[in-house]
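The following exercises concern a single protein structure. Each task is followed by a solution worked in steps.

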Amino acid sequence: MNLKLCVAQLNFVVGDMAGNAQKIIACAQDAYAQGVRLVLTPELSLCGYAAEDLFLRPSFITACDDALKTVSHALAGLKGLHVVVGHPEGDDQRTRSVSVQRRFNMASVVSEGAVIARYAKRELPNYQVFDERRYFTPGKEACVFEVEGVRVGLLICEDAWFNEPALDAKASGAQLLAVINASPFHVGKGNEREQAMRDRVQATGLPLVYAHLVGGQDEVVFEGRSFALDANGCVTARAKSFEEECLVLTTSVDRPLRLEGAVASEGSHESDLWRALVLGVRDYVGKNGFPGVLLGLSGGIDSALVLAIAVDALGAAKVRAVMMPSPYTAEISWVDAREMARRMGVRYDELSIVPEFEAFLDSLKDDFVGTTLDATEENIQARIRGTLLMALSNKFGSIVLTTGNKSEMATGYCTLYGDMAGGFAVIKDVAKTQVFKLARWRNSNDPFATGSQPIPERIITRPPSAELRPDQKDQDSLPDYEVLDAIVSRFMESDQSPAEIVAAGFAKADVEKVTRLIRLNEYKRRQSPVGIRVTHRSFGKDWRYPITNKFRD
């Protein structure tokens, strides 16, 4: 006899317990009709991941309890079906007359209207974007239950990165490890996960199925890519990346157990990055109920890339581009912006900021008398543009997408309340060198069958410029981006000291300049919009440095 199981790789919404419950029910009913008797949902599937301080609200936990009952009751008539549901659970304890609330990151196995097994996550991550020790108490016990003659050992995400929980499950009689997960994406993470799970398989000798979440949640993206490994660590099934899928697997009860199903291909570095950005935009806009997006289109590569991502995510009808020329805008910027908008099929408007800029200078002329033009006048232009975009957003409801990249966020090469003004920073975690690579990749690939090569070649090859003063180029103020991005990566992502970076062959002057700019501009980054995390260390939850800080190494 063979056991059929289903990985419910679904896109849940944080706090929408009723909607999430219905998604689980619908997937389980459809899977049952296909002969499935075990359904695995991702970590905290009932409430979405991560609910952050909502976990601390008793009413939130109560709503999750009610949703679990809804799932159990709705599936009660499906004889033999077992559904693993991820959810938070709380209890109250009294110690010396003080009420103490504990929360657990739980997985409950519901079958025929009852919870027949329960497992509390044991290893609680508290690094990078994770804060689980803020909310949860670690569990202590293994959980093994039986379906169609197969004894299944439950693990939750971080548990499977350590040997002890998996070995405890085996010692309790498990023949198969079922790992439910919500593990945020960064480039390369998919291979890291498969290797980590291969290590667990090798330590236990048990096959493993990895059920993963898909979707965007604020700054993090979950890419799906659920998979199964046989007892030798070989991939025998893999779900698609960045898409919902109810992946059905067959488990033979013959020895050794083997899970078999469809094996989706792996994406390239740029393909995964592009689809993560697209999914992040789609879910942030859609889940928060915005009717569309708008952005400033300058004729430069950053805004061109963001426009292409937005159209792939939402469709041209929900995207508006606004060109806001200043006295320093080059003619080719107008031409390239118009061509980019034409290729994308979006609404395109031109709003000159020259009258507003002149009015500002006139208002400030008495205060500025005797001074020379500097970054002040440059920033006024950027802030006029930010004001216009936010006015359009207020009037029509579309969210403003900012277009700054990680290199700019690192060095402060951006204007507070200017080009940083907006609601969602699409490429905030994408270095400038990667921006060029992504643009070329998208012009050579059409992942969503739009039939377009979106970005004009001159936008890619033209030297980057903010165009806020005559003949301005980015490299007037910054090292070459290849050098800049390498220093940022070493200092910010890998915690290397300036001395170590110099020892690796970088010019001391460049290292001192870049690291100094990173330190000086923490106050700007604290006020920047939330943006999509695609590296293992982004500016946001991964990076928590004090603004007032005299440390210089």
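**Exercise 1.** Determine whether Phe60 is buried or exposed in this predicted model, and describe the aromatic pair to which Phe60 belongs.

*Solution.* Step 1. The relative accessible area of Phe60 is 6%. A residue counts as buried under 20%, so Phe60 is buried.

Step 1. The structure holds 12 aromatic pairs. One of them joins Phe60 to Phe55, with 6.1 Å from centre to centre and 85° between the planes. Planes over 60 degrees apart count as edge-to-face, and this is the class of the Phe55 and Phe60 pair.

Step 2. Phe55 is buried as well, with a relative accessible area of 2%. Ring pairs link Phe55 and Phe60 with Tyr135 and Phe136 into a cluster.

**Exercise 2.** Classify the aromatic pair of Trp274 and Trp441, and state which parts of the chain it ties together.

*Solution.* Step 1. The ring centres of Trp274 and Trp441 are 6.1 Å apart, and the angle between their planes is 40°. Stacked pairs lie under 30 degrees and edge-to-face pairs over 60; the Trp274 and Trp441 pair is therefore tilted.

Step 1. Trp274 belongs to helix 6, whereas Trp441 belongs to helix 12 (residues 432–444), so the pair ties together parts that are 167 residues apart in sequence.

Step 2. Trp274 has 0% relative accessibility and counts as buried. Trp441, at 13%, also counts as buried.

**Exercise 3.** Describe the span and the surroundings of helix 6 (residues 269–287).

*Solution.* Step 1. Helix 6 has 19 residues and reaches 27 Å from its first C-alpha to its last. This is close to the 27 Å expected at 1.5 Å a residue.

Step 1. After helix 6 comes Gly289, which has a positive phi near 75°.

**Exercise 4.** Identify the rings over which Arg282 and Arg525 lie.

*Solution.* Step 1. The charged end of Arg282 sits over the ring of Phe448, at 5.9 Å from its centre.

Step 1. Arg525 lies over the face of Phe539, 4.5 Å from the ring centre.

**Exercise 5.** Characterise the packing of helix 4 (residues 163–171) and helix 5 (residues 189–204).

*Solution.* Step 1. The axes of helix 4 and helix 5 are 10 Å apart, and the helices pack at an angle of about 45°.

Step 1. That angle makes helix 4 oblique to helix 5.

Step 2. The crossing of helix 4 and helix 5 is right-handed.

Methods. Residues numbered from 1 in each chain as written. Predicted model: local features only at pLDDT ≥ 70, side-chain atom pairs only at ≥ 80, totals over all residues. Heavy atoms only, no water. Helix = DSSP H or I, 4+ residues; strand = E, 2+ residues; numbered from the N terminus. Expected span 1.5 Å × (residues − 1). Phe/Tyr/Trp six-rings, centres within 6.5 Å; stacked < 30°, edge-to-face > 60°. Buried < 20%, exposed > 50% of the residue type's maximum accessible area, 1.4 Å probe, protein only. Lys NZ or Arg CZ within 6 Å of the ring centre and 35° of its normal. Axes fitted to C-alpha atoms, helices over the stretch in contact; angles between N-to-C directions. Parallel < 35°, antiparallel > 145°, perpendicular 65-115°, else oblique. Left-handed = near helix turned anticlockwise from the far one by under 90°.
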